[in-house]
Amino acid sequence: MTSPVRITALGAAPRAFHGQIRDLAVRWALEETHTPFEVHLATDAERASPGYRAMQPFGKVPAFEGDGIVLFESGAIVLHIAETRGLLPREPDARALAKSWLFAAVNSLDPDIIALGDIDHWAPQEPWAIARRPAVESMVRERLALVDARVANAGHLAGDFSAADIMMIMVLRQLRHTRLIEERAALSAWRDRCEARPAFQRALAAQLADLARTSAP
Amino acid sequence: MNKIRVTAFRWVPPFAQGLVRDLRVRWALEEAGLPYEQVLIGPDDQKSAEYRKLQPFGQVPVLEADGVTLFESGSIVMYIAQQTNALLPPDAAGRARALTWMFAALNSVEPHVLNLNTIDLFNANAEWAQQRRPAAEAMVRSRLDALSKWLADKDYLEGGAFTAGDLVMMSVLRFLRHCSIVADYPNLEAYKLRGEARPAFQRALADQLANFEKYKPVAA
């Protein structure tokens, strides 16, 4: 790993989202693997610019520069860090399982959780949102029950703590405005265990400090 | 890869035929030239404790190979790509880029596509759906807009070679077949058709559809 790692994080965001912007997952994975990195904070204007879009076509964060490559998508970056710096079980079956859970976080949990967040943050009083919310919440609950069963049984998603736990926690942090995690004992205990890790605490503190400096009060 | 088994549905309603996610895995296996056995399941299997051990969400596909079990189509396509080199460039940087595009398809585009499909395919006549639809469509368009600008006049997302990232992105674009949004972006439409024209895709699609014909419910 020759070139220094540089990540792009969000330069400003509404307060409700501090602590759940997706550069958090990348910071966390880098902290877990003791990888030094620098953080570039992208303003809204920069994210809209052709130069930034050449690096991140959707204008989102995070982006990753290092190891001679440019990557985007938090899931891809976390997986890249995990593969190159060791955040996955070594035993083939557990390793495959960890990757499956990482994909489950972004593709089986996140879509419904994004839909719930869209309702609660952006349209809570809209008639469509009031009519739709119970069904979306019940889909989220159904999926959470399965993650709860998994961690109740196994302690972590696959083997010991891994990149799968990082991505799942990242996705589930979008539910902080609800009590959906807290209503499940094993799920919230697993979350608390993961979030108590010093690497997570450092990553979270850094994101909060960056956003506190740049965001409107 | 040896002794490959892929789990798929025996039958699904027409709106899902040709879209169920085992198609992505069949396509990847066909591209890699790997024979596989299909394991067909129905609604009762989906709920069974035994199946939930393989697939916690009761969905398809599951892949079993080399003594390893995987779920999530993205995870399986990546495994096939990494084991066979059929769907990834040889260099580390190119491989990481292909991986990035898989995640972009699954996590930046597909959630918004699914949101629109929930409206159009399952709730078209609900009042909330009619109120919600314009914003849901606008969100899909904003993603496709960015994707179209990125693709520009390239054949594939990273230029010359078809990768696992294209396979998944094309599969996600196919989820919009019930509407004409993709066709509004001529380069994305051509990109999707480029994928569908691949012989490996055609074989994968035919194999999925053959089950639905064979196991079609008999009208009461």
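Reply: In chain B, helix H7 (residues 164–174) and helix H8 (residues 186–196) have axes that come within 9 Å and cross at roughly 115°. The axes are lines fitted to C-alpha atoms, for helices over the stretch in contact, with angles from 0 to 180 degrees between N-to-C directions. That angle makes H7(B) roughly perpendicular to H8(B) (65 to 115 degrees; under 35 is roughly parallel, over 145 roughly antiparallel, the rest oblique). Helices (H or I, at least four residues) and strands (E, at least two) are DSSP runs, numbered from the N terminus.

The model is predicted: local features need pLDDT of at least 70, side-chain atom pairs count only at pLDDT 80 or more, and totals for chains, interfaces and linings use all residues. Residues are numbered from 1 along each chain as its sequence is written, while chains are lettered from A and ligands numbered from 1 in the order in which they are written.

Residues are in contact if their C-beta atoms, placed from the backbone, lie within 7 Å. Sorted by class, this contact of H7(B) with H8(B) has four nonpolar, one polar and three charged residues (Ala, Val, Leu, Ile, Met, Phe, Trp, Tyr, Cys and Pro are nonpolar, Asp, Glu, Lys and Arg charged, the others, Gly among them, polar).

Next come the domains. The assignment for chain B gives domain 1 as 5–87 + 200–214 and domain 2 as 92–198, with bounds from an automatic or database domain assignment. Their C-alpha centres lie 21 Å apart. Where the two meet, domain 1 of chain B gives 13 residues to the contact and domain 2 of chain B gives 14 residues. On the side of domain 1 of chain B that touches domain 2, helix H1 (22–32), helix H4 (73–84) and helix H9 (199–214) of chain B are the elements that give two or more residues. By class, that side of domain 1 of chain B has 11 nonpolar, one polar and one charged residues.

Chain B also has an open sheet of four strands, in the order S2-S1-S3-S4 and with mixed pairing. Strands pair if DSSP finds at least two bridges between them. Strand S2 (37–41) and S4 of chain B are the edge strands, each pairing on one side only. Direction ignored, neighbouring strands of this sheet are turned by 25° against each other on average.

Within the sheet, strand S1 (residues 5–9) of chain B pairs with S3(B) in the antiparallel sense over two bridges. B:Arg5 has B:Glu64 of S3(B) as its bridge partner. B:Glu64 has another bridge partner in S4(B), namely B:Thr69. Strand S3 (residues 62–65) and strand S4 (residues 68–71) of chain B run antiparallel, joined by four bridges. The hairpin formed by S3(B) and S4(B) has two residues between the strands. In this hairpin, B:Asp66 takes a positive phi near 55°.

H1(B) lies across S1 and S3 of chain B. The helix H1(B) runs at about 145° to S1(B). H1(B) is also one of the helices on the side of domain 1 of chain B that touches domain 2 of chain B.
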